[in-house]
Amino acid sequence: MYDPKSSDLGLYIHIPFCLKKCGYCSFVSYEKCDHLYDGYVDALIKEIRKADTGNRKVKTVYFGGGTPSLLRPQHIYKIMDTIYDKCDVAGDGEITMEANPGTVDHVKLRDFRECSINRLSLGIQSTDDDDLRYLERIHDRATALQTIKDASKVFDNVSCDLIYGLPQRSIDTWEKVLREVSSMDIEHISMYALTLEDDTPLGKKIAEGKAAPLSEDQEADEYELIDKIRIPFEQYEISNWSKRGYESKHNVNYWERGDYLGFGVAAHSCMGRVRSANTSDITKYLDSLKKGDSPEEFREELDDEKILGETVMLALRMAKGVSINDIKTIFNVEFEDKYKNEIRDLAELGLIERTEIGYKLTKKGRLLGNQVFVRFIE
Ligand code: SF4
């Protein structure tokens with residue numbers, strides 16, 4: 001029987017604004033809305049003040065988007081001030097902000113650092129101008145490189161996001177991007193495959209035959225290249241690499257199925273058995289907080305079976321994999337009995353392998369992760 005313990009908390013703050021929508025973007029973000037920034041920050045502050053944190057220690061805060069770095073440092077200061085006032089934030093708390101090249105300079109970064117931000121996650125995506133044009137990013141190669149340099153002078157913990165599987169580029173270009181970014185003064189890299197919803201501008205172009213379609217083979221080749229060229233970072237999760245000790249604490253909390261509270265439009269929360277989400281409509285979000293109502297739009301309570309499946313799936317995303325002992329301790333379940341058939345089938349397909357503590361994905365399994373996860377959460 002799963003017994004949710006009062007663990008430490010992560011806080012996620014969604015900032016749904018961007019200067020301009022990128023062609024592939026399906027995140028909840030609105031362009032050209034600077035007139036909403038002040039009101040949105042006030043709404044966030046109201047929502048944070050009303051939250052039930054159960055007096056738990058806050059270990060991580062994450063400003064995600066959208067483009068949080070579009071806000072002024074004073075906005076971040078006000079939000080952090082509210083969090084410090086309301087919550088018990090750990091002295092060594094990790095406080096991350098996502099920032100995009102083209103929205104920050106050295107001075108603005110230094111001001112964010114002074115608002116307690118101690119980790120910066122940069123949406124670099126590529127350092128190749130053709131790639132950046134294809135993705136319809138607002139920045140070019142020179143801005144990307146300058147932003148990384150500025151960030152590493154101000155922050156001791158900098159992460160860069162990159163995208164692989166861009167259909168118009170060659171594997172050589174990907175190799176150049178990888179080598180260039182991984183040789184810079186940064187501590188962490190997240191790399192995601194390009195995925196496209198049909199209703200994005202790029203998705204539509206591909207559907208109409210006006211842009212090259214995505215290729216699973218190319219995606220696999222580019223993912224495998226990361227391993228082959230041995231970047232000086234250790235892979236600790238399917239999409240994440242870091243220097244030792246610089247793993248993202250906030251995201252590790254997600255993969256360990258720890259508790260987190262999300263604030264802002266479209267933000268999700270997970271507290272023990274209960275999962276919930278706010279409205280994705282910014283007008284509704286602002287109105288509900290103005291009236292003193294909750295912006296929550298969805299709530300579900302998960303049973304033991306679902307929580308167990310989720311816990312296994314999330315653990316398998318991590319390089320260390322799932323621990324048989326942890327599953328026994330948390331759920332009182334014998335992992336190898338419960339999942340006898342899944343383990344047999346997935347091992348036969350070469351997707352998972354035994355470790356000293358349990359099971360982890362193989363190299364092939366990391367490429368075909370969804371085929372594995374579906375066996376535990378269906
Ligand atoms: S910067 Fe990020 S959130 Fe904003 S439009 Fe581009 S992909 Fe979407």
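Q: In what kind of interaction do the side chains of Asp42 and Lys78 meet?
A: This is a predicted model, in which local features need pLDDT of at least 70 and side-chain atom pairs count only at pLDDT 80 or more, while totals for chains, interfaces and linings use all residues. Residues are numbered from 1 along each chain as its sequence is written, and side-chain values use heavy atoms, with hydrogens and water left out. A salt bridge is a side-chain nitrogen of Lys or Arg within 4 Å of a carboxyl oxygen of Asp or Glu. Asp42 and Lys78 form such a salt bridge, at 3.2 Å from N to O. Asp42 belongs to helix H1 (residues 37–50) and Lys78 to helix H2 (residues 73–86), so the pair ties together parts 36 residues apart in sequence. Helices (H or I, at least four residues) and strands (E, at least two) are DSSP runs, numbered from the N terminus.

Q: How many salt bridges does the structure hold?
A: The structure holds 29 salt bridges. One of them joins the side chains of Arg275 and Glu310 at 2.2 Å, N to O. Here Arg275 lies in strand S13 (residues 274–278) and Glu310 in helix H11 (residues 304–317), 35 residues apart.

Q: Is Glu310 buried or exposed?
A: Buried means under 20% relative accessible area, exposed over 50%, and partly exposed in between (1.4 Å probe, protein chains only). Glu310 counts as buried because its relative accessibility is 12%, whereas Arg275, at 23%, is partly exposed.

Q: Where is Ser248 found?
A: Ser248 is in the loop between strand S10 (240–242) and helix H9 (249–255). At 0% relative accessibility, Ser248 is buried.
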